[in-house]
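Have a look at the picture first, and then we will go through it step by step.

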Amino acid sequence: MDPIYSDPHLGQRPFFLHYGDLSDASALNQLIGKIQPTEVYNLAAQSHVRVSFDIPEYTTDITAVGALRLLEAIRQTGVHARFYQASSSEMFGKAREVPQTESTPFYPRSPYACAKVFAYWITVNYREAYGLHASNGILFNHESPRRGETFVTRKITRAVARIQSGLQEKLFLGQLEARRDWGYAKEYVEAMWHMLQQDEPGDYVIATNESHSVREFLELAFSRAGLDWRKHLETDSRYNRPTEVDQLIGDYSKARRQLGWEPKTRFPDLVKLMVDADIQLLKDQREGKLRYSD
Ligand code: GDD
């Protein structure tokens, strides 16, 4: 019997957690055959760009071939499942045009991005070859208080909370001038769902059409807590990537037109909500209040 979980974010509805691994094709086939899902969202990956330079082969196995294994599981079992592939703005890399749209050519700049390009095209191929309802969401950076602690936004907001309460003095970062199109993850998940409710599958850019630097994020986050980032920041070249993606900005017109989707939370509000959440989380932890894991 698989364990049943509940989560405050999902209300009273329990969900079932099945064990599996994207490196394990036979387990995936068995699971898909057993569950008979109507929708499959492939959000799994080795998703850290810097780390992908250290473990390129593993990244390719999970992020690229893993997507193929899931598609094959759907095809081989013959289930009538719609498929969502978490494609990434990192595929645009050294961007060929500004802003990036669904027709902008890819120029990946990391093993992670190369793997995502494969996963993108294999999703298109299974759609065209086998008639699968398979869609790519080309999501630009999407953040929230649940963001992993090694990604730059959460690394900054966590540090702000800890510096403010005297637990930490310095924050070590790499490249500050890189620019990203940062949106609120909660809204981006709605876009994913909308894609699978369409009669026809397709590929969609999900973004805010605004670009901001890491430095801007830093300034806003520290000032939200009444701190001066210059007093706490140290740069560390270990966080630099051998090939960096300098600037990303997405044009989400197609998603607005066809899905009726548009971003609501803009950059300053995103920074605020993440800083506030980390300050609250730290306070709760220090007071010994039990919280579900972030
Ligand atoms: N992680 C990290 N840590 N990034 C840093 C740091 C640091 O200490 N210092 C500067 N940066 C810069 C990176 O060099 C990059 O230019 C930018 O901050 C953002 O880095 P990340 O937060 O790691 O995100 P990403 O843009 O590389 O990739 C994320 O977004 C993609 C698009 O949605 C990841 O979530 C990918 O998996 C995702 O595909």
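A residue counts as near a molecule when one of its heavy atoms lies within 4 Å of it. Keep in mind, too, that what you see is a predicted model.

How many residues surround the ligand? There are 26, and the closest are Ser47, Ser88, Tyr112, Arg241 and Glu244. Sorted by class, this shell is made up of 11 nonpolar, 9 polar and 6 charged residues.

A polar side-chain atom of arginine 180 is found 2.8 Å from an oxygen atom of the ligand. Arginine 147 also takes part through its side chain, where an N or O atom is 2.9 Å from a ligand oxygen. With phenylalanine 140 it is the backbone that matters: one of its polar backbone atoms lies 3.4 Å from an oxygen atom of the ligand.

How much of the ligand does the protein cover? On its own, the ligand has 720 Å² of accessible area, and the protein covers 97% of that. Two elements, α5 (152–164) and β7 (171–173), each give two or more residues to the shell.

Finally, turn to a pair of helices. Helix α1, residues 25–35, packs with helix α3, residues 56–77, at an angle of about 50 degrees, and their axes are 9 Å apart. Because of that angle, α1 is oblique to α3. The crossing in which α1 passes α3 is right-handed.

Methods. Residues numbered from 1 in each chain as written. Predicted model: local features only at pLDDT ≥ 70, side-chain atom pairs only at ≥ 80, totals over all residues. Heavy atoms only, no water. Polar contact = N/O pair within 3.5 Å; in protein donor to acceptor, adjacent residues only side chain to side chain. Areas by Shrake-Rupley, 256 points an atom, 1.4 Å probe, with all protein chains shown as cover. Helix = DSSP H or I, 4+ residues; strand = E, 2+ residues; numbered from the N terminus. Nonpolar A, V, L, I, M, F, W, Y, C, P; charged D, E, K, R; others polar. Axes fitted to C-alpha atoms, helices over the stretch in contact; angles between N-to-C directions. Parallel < 35°, antiparallel > 145°, perpendicular 65-115°, else oblique. Left-handed = near helix turned anticlockwise from the far one by under 90°.
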